[in-house]
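I wrote down what I looked up and what came back.

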Amino acid sequence: YGPKTNKPEYLDWFLDRITRGVPILVPGDGSGFTTLTNAEDAASMLASVVGKEAEAKGQVFNCASDVLVSHIEVVDLCAKAAGKDAAEVRKTVVYYDPAALKGKELPKGGKFPFRETSFGVSADKAKSVLGWTPTHKLEEDMVSYVAEYKRLGKDQGDIERSWDEAVLATMK
């Protein structure tokens with residue numbers, strides 16, 4: 001997330017639904033976790049190799065925030081940053097069972113943006129070998145992220161929800 005990211009759909013997916021007051025589909029019970037890393041932290045990790053080329057040569061590093069965040073925490077963070085009451089927004093969350101969707105033909109448009117199971121990586125190797133540490137915190141960055149989201153008009157108009165509607169139809 002953040003300036004110049006190539007993955008705006010991660011947070012935008014939640015904001016698209018929160019700003020429009022439509023159901024937010026979340027896998028399982030919402031406790032699945034992920035990492036969300038600011039693009040500036042990714043750039044700083046790449047830059048941290050300068051002067052440490054010998055140590056970095058032939059190595060593979062994970063670039064990630066060192067904070068795991070659950071899917072439902074992403075909902076809460078996005079709601080608060082958008083000026084919404086998180087408890088009220090949670091009432092629009094619909095939990096679905098990913099296993100129940102196996103084998104079903106579902107559209108791809110608007111699909112839940114993360115893996116439906118917990119997934120995170122450790123940046124410990126980059127910290128120890130490169131001396132790199134992420135400096136951004138999702139919670140602190142959300143206000144400016146939402147301001148940019150709104151400035152770009154992303155909170156207006158229709159959004160792609162064909163996947164949402166198909167999943168909801170399987171739950172009836």
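**Entry 1: ground rules.** I am working with a predicted model, in which local features need pLDDT of at least 70, side-chain atom pairs count only at pLDDT 80 or more, and totals for chains, interfaces and linings use all residues. Residues are numbered from 1 along each chain as its sequence is written, and side-chain values use heavy atoms, with hydrogens and water left out.

**Entry 2: helix α7.** The expected span is 1.5 Å times one less than the number of residues. I then looked for a bend, meaning the angle between axes fitted to the seven residues ending at a residue and the seven starting there. α7 has a kink of about 25°, centred on Ser-144. Just after the helix, Gly-153 takes a positive phi of about 75°.

Which residues of α7 are buried? I found Leu-138, Asp-141, Met-142, Tyr-145, Val-146 and Tyr-149. Here buried means under 20% relative accessible area, exposed means over 50%, and partly exposed is in between (1.4 Å probe, protein chains only). The cover over these residues includes α1 (9-20), β3 (69-70) and α4 (71-81).

**Entry 3: helix α1.** I went on to α1, where 9 of the 12 residues are buried. Among them are Trp-13, Phe-14, Arg-17 and Ile-18. The buried residues of α1 pack against β1 (24-27), α4, α5 (86-90), α7 and α8 (162-170). α1 reaches 16 Å from its first C-alpha to its last. Gly-21 follows α1 and has a positive phi, near 70°.

**Entry 4: strand β1.** I checked both faces of β1 and found them covered. Ile-24 and Val-26 are buried on one side, Leu-25 and Pro-27 on the other. β1 runs parallel to β4 (residues 93-96), and 4 bridges join them (two strands pair if DSSP finds at least two bridges between them). Pro-27 stands opposite Tyr-96 in β4.

**Entry 5: Asp-164.** I looked up Asp-164, which lies in helix α8. Is Asp-164 buried or exposed? It is buried, with a relative accessible area of 0%. Leaving aside neighbours within four places in sequence, Asp-164 is in contact with Trp-13, Arg-17, Pro-23, Leu-25 and Gly-110 (contact means heavy atoms within 4.5 Å). Asp-164 is also linked with Arg-17, Arg-161 and Glu-165 in a network of salt bridges.

**Entry 6: salt bridges.** I counted a salt bridge when a side-chain nitrogen of Lys or Arg is within 4 Å of a carboxyl oxygen of Asp or Glu. The search of the whole structure finds 10. One of the pairs is Asp-12 with Lys-154, the closest N and O atoms being 2.7 Å apart. Asp-12 is in helix α1 and Lys-154 in the loop between α7 and α8, so the pair ties together parts 142 residues apart in sequence. Asp-12 counts as buried at 8% relative accessibility, while Lys-154 counts as partly exposed at 30%.

I also noted Asp-76 and Arg-90, with closest N and O atoms 2.6 Å apart. Asp-76 lies in helix α4 and Arg-90 in helix α5, so this pair ties together parts 14 residues apart in sequence.

Technical notes: Helix = DSSP H or I, 4+ residues; strand = E, 2+ residues; numbered from the N terminus.
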